[in-house]
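Reader: I would like to go through this model with you and ask what stands behind some of the terms used for it.

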Amino acid sequence: EVVWYFRHTDRKPENKEGTYKKVSFQPDDFKDKDISEFVYLLFKLSNLVRTHRSVLEEYHIEFLNGPDTEAIIPLLAELKKTPIDTPGVYTILDDIVNTIRDIRAPQNLGVMRLNYGRALMVMNFTNWASANLKKAEPLIIKLNLVMAHSRNIDSIESQINEHGS
């Protein structure tokens with residue numbers, strides 16, 4: 001929103017026909033008096049996250065080891081009851097569960113996210129998808145959340161750069 005704000009500060013509003021209104025505007029009509037405070041607070045928040053990065057990593061590791069793993073195991077067991085003609089999907093999903101269960105320290109989880117992407121591709125673009133995708137939906141939703149949590153372990157700096165600058 002900050003980038004959008006600065007891109008549009010010099011544009012006058014258009015009417016329904018796409019032409020500029022014939023009203024006189026003052027430059028202050030388009031200025032946000034709080035934008036400098038917002039940018040300052042965004043900068044402070046980014047520095048605060050960098051300062052306490054280890055706490056955030058430990059929190060998400062604990063969350064992956066506990067509630068995330070406990071939620072995925074029954075969903076995966078339920079999905080395994082359905083026949084599948086692509087055996088690699090369950091192997092990849094089991095590997096993901098083992099990876100998140102065994103995390104003890106911050107590490108690169110990019111391989112796990114790539115494996116999840118591979119499993120999604122197989123689940124979506126094979127003949128398995130038409131019969132089983134609806135059954136896999138709760139597992140996919142939970143695994144999407146797990147992947148977001150994993151980014152908070154190994155990609156905090158890139159997320160700060162993406163969202164906080």
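Reader: How much space lies in the second largest pocket?

Author: The model is a predicted one, and in it the second largest pocket holds about 190 Å³ of space.

Reader: Which helices supply at least two residues each of the lining of that second largest pocket?

Author: Those helices are α2 (35-51), α3 (53-80) and α7 (156-163), and the residues that line the pocket include L42, S46, V49, H60, I156 and H163.

Reader: How do you know which residues of that lining count as nonpolar, polar or charged?

Author: Leu, Val and Ile count as nonpolar, whereas residues other than the nonpolar and charged kinds, Gly among them, count as polar; on that basis the lining divides into six nonpolar, six polar and no charged residues.

Reader: What makes α2 and α7 roughly antiparallel to each other?

Author: Their axes lie 10 Å apart and the helices pack at an angle of about 175 degrees; because angles over 145 degrees count as roughly antiparallel, α2 and α7 are therefore described in that way. In this packing, L42, S46, V49 and R50 of α2 meet I156, E157, I160, N161 and H163 of α7, a contact with four nonpolar, three polar and two charged residues.

Reader: Why are α4 and α5 also called roughly antiparallel?

Author: The axes of α4 (residues 88-102) and α5 (residues 110-124) cross at roughly 150 degrees and come within 9 Å; since the cut-off is an angle over 145 degrees, this pair is therefore roughly antiparallel. The crossing of α4 and α5 is left-handed, and their contact includes I92, D95 and I96 of α4 and Y116, R118 and A119 of α5.

Technical notes
Residues numbered from 1 in each chain as written. Predicted model: local features only at pLDDT ≥ 70, side-chain atom pairs only at ≥ 80, totals over all residues. Heavy atoms only, no water. 1 Å grid on protein atoms, 1.4 Å probe; cavity = no way out; pocket = protein on both sides within 12 Å on 5 of 7 lines; lining within 4 Å. Points joined across faces, edges and corners; volume = space filled by probe spheres on them. Helix = DSSP H or I, 4+ residues; strand = E, 2+ residues; numbered from the N terminus. Axes fitted to C-alpha atoms, helices over the stretch in contact; angles between N-to-C directions. Parallel < 35°, antiparallel > 145°, perpendicular 65-115°, else oblique. Left-handed = near helix turned anticlockwise from the far one by under 90°. Contact = heavy atoms within 4.5 Å.
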